[in-house]
Amino acid sequence: MTHYNKLSKVSYNPKITSWRFRVKIHRIYPFYSYVTSSGPFYKYVLADEEGTKMEMTIYGNSDRFRGLEKQEGKWVEIFRVEVNRSYPGFQETNSRFNLSATRNTQVHIIDPLNNRLFMDFKNIHAIPHMDHMDRNYPIDTMGVVFNTEAHFDDPASPRMVFYIRDNINNQIKGVAIGAHAYAFRDGLENMKGRGQVIVVLKMWRVWKFLSYFGPPDLWLETEGGLSDFRFNPRLPEVEEFRQSLLSSDPYVQRYGAVGLL
């Protein structure tokens, strides 16, 4: 039986090259080299069976990894991958380490192990109280969309501003930028006439600026290709949230909440 290393047990040791993991590809996003302007290269946010997350980077366009960038949500085996220390600053995960594919790395798609999506939902009311270190990592959250502001006058920097709230009337602003802005606008437009809409935000960055003249300015924002969102996805957590709205939200009690897609 193959022995797999756990992401939570990873340590930095250049002499160890035999790491092997069985993980789910939680998120995939492209990036380009600022030095050579080459790319796209791909970063993979991985999660093992315990839910521990870690980032893996694949540089170059090796035939061995061709098509892997389209396999988000799949379970894979990863053999002979390099472990590096993470740098300070905004990180895709809170792991102290990250993985890099080498010329010896092998990745094989395997049968699904379970249906877990490894989304760690943060309650809206808890976001303002997050430690500044925790804001270095993206979060998942959900809420009812109750207001929007479209800013598409400048084609170079389109923005879709929206506001979401939970079932006890806590609220927060979200800002979708670039291609995310158009996708959010179009997706929300398709939901018109179907009652209240629940949006799930996947791996969004938390921004907080202190003000001398009032409360801190706090919002969620897309972070390049890392962030994603879904309107009314079929998740147990979304159904549980929807049921809580039915019992506490006057609007939903009157007009109903749109069911899962």
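Trainee: Which residues have the most contacts inside the largest nonpolar core?

Mentor: That core has 24 residues, and those with the most contacts inside it are Ile-127, Ile-164, Phe-184, Val-199, Leu-201, Leu-220 and Phe-231. The model is a predicted one, in which local features need pLDDT of at least 70 and side-chain atom pairs count only at pLDDT 80 or more, while totals for chains, interfaces and linings use all residues. Residues are numbered from 1 along each chain as its sequence is written, and side-chain values use heavy atoms, with hydrogens and water left out.

Trainee: What makes a set of residues a nonpolar core?

Mentor: The set must consist of buried Ala, Val, Leu, Ile, Met, Phe, Trp, Tyr and Cys residues joined through side-chain atoms within 4.5 Å. Buried means under 20% relative accessible area, exposed means over 50%, and partly exposed lies in between, with a 1.4 Å probe and protein chains only. In soluble globular proteins, nonpolar side chains tend to be buried together.

Trainee: What does Ile-164 touch?

Mentor: Contact means heavy atoms within 4.5 Å. Not counting residues up to four places away in sequence, Ile-164 touches several residues, among them Ile-124, Phe-146, Ile-172, Val-199 and Leu-201.

Trainee: Why are the buried residues of α1 said to line one face of the helix?

Mentor: The buried residues of α1 are His-180, Ala-181, Phe-184, Gly-187 and Leu-188. Seen down the axis of α1, they fall within an arc of 140 degrees, so they line one face. The arc is that of the directions from the helix axis to the C-beta atoms. These buried residues pack against β8, β9, β10, β11 and β13.

Trainee: Why is Gln-196 called buried?

Mentor: Its relative accessibility is 10% and the limit is under 20%, so Gln-196 counts as buried. Gln-196 is in the loop between α1 and β11. Gln-196 and Val-145 are 51 residues apart in sequence and 7.3 Å apart in space, C-alpha to C-alpha.

Trainee: What makes Arg-80 partly exposed?

Mentor: Arg-80 has a relative accessible area of 37%, which falls between the two limits, so Arg-80 is partly exposed. Arg-80 is in the loop between β4 (75–79) and β5. Although not a glycine, Arg-80 has a positive phi of about 55 degrees.

Trainee: Why is Arg-96 called exposed?

Mentor: Arg-96 has a relative accessible area of 62%, over the limit for exposed, so Arg-96 is exposed. Arg-96 is in the loop between β5 and β6. Not counting residues up to four places away in sequence, Arg-96 touches Asn-84, Arg-85 and Ser-86.

Trainee: What volume does the largest pocket have?

Mentor: The volume is about 600 Å³. On a 1 Å grid over the protein atoms alone, a pocket is an open set of points where a 1.4 Å probe fits, with protein on both sides within 12 Å along at least five of seven lines; lining residues have an atom within 4 Å of a point. Grid points are joined across faces, edges and corners, and a volume is the space filled by probe spheres set on the points.

Trainee: Which residues are closest to the centre of the largest pocket?

Mentor: Of the 25 residues that line this pocket, the closest to its centre are Tyr-29, Phe-31, Lys-43, Glu-55 and Glu-92.

How values were computed
Helix = DSSP H or I, 4+ residues; strand = E, 2+ residues; numbered from the N terminus.
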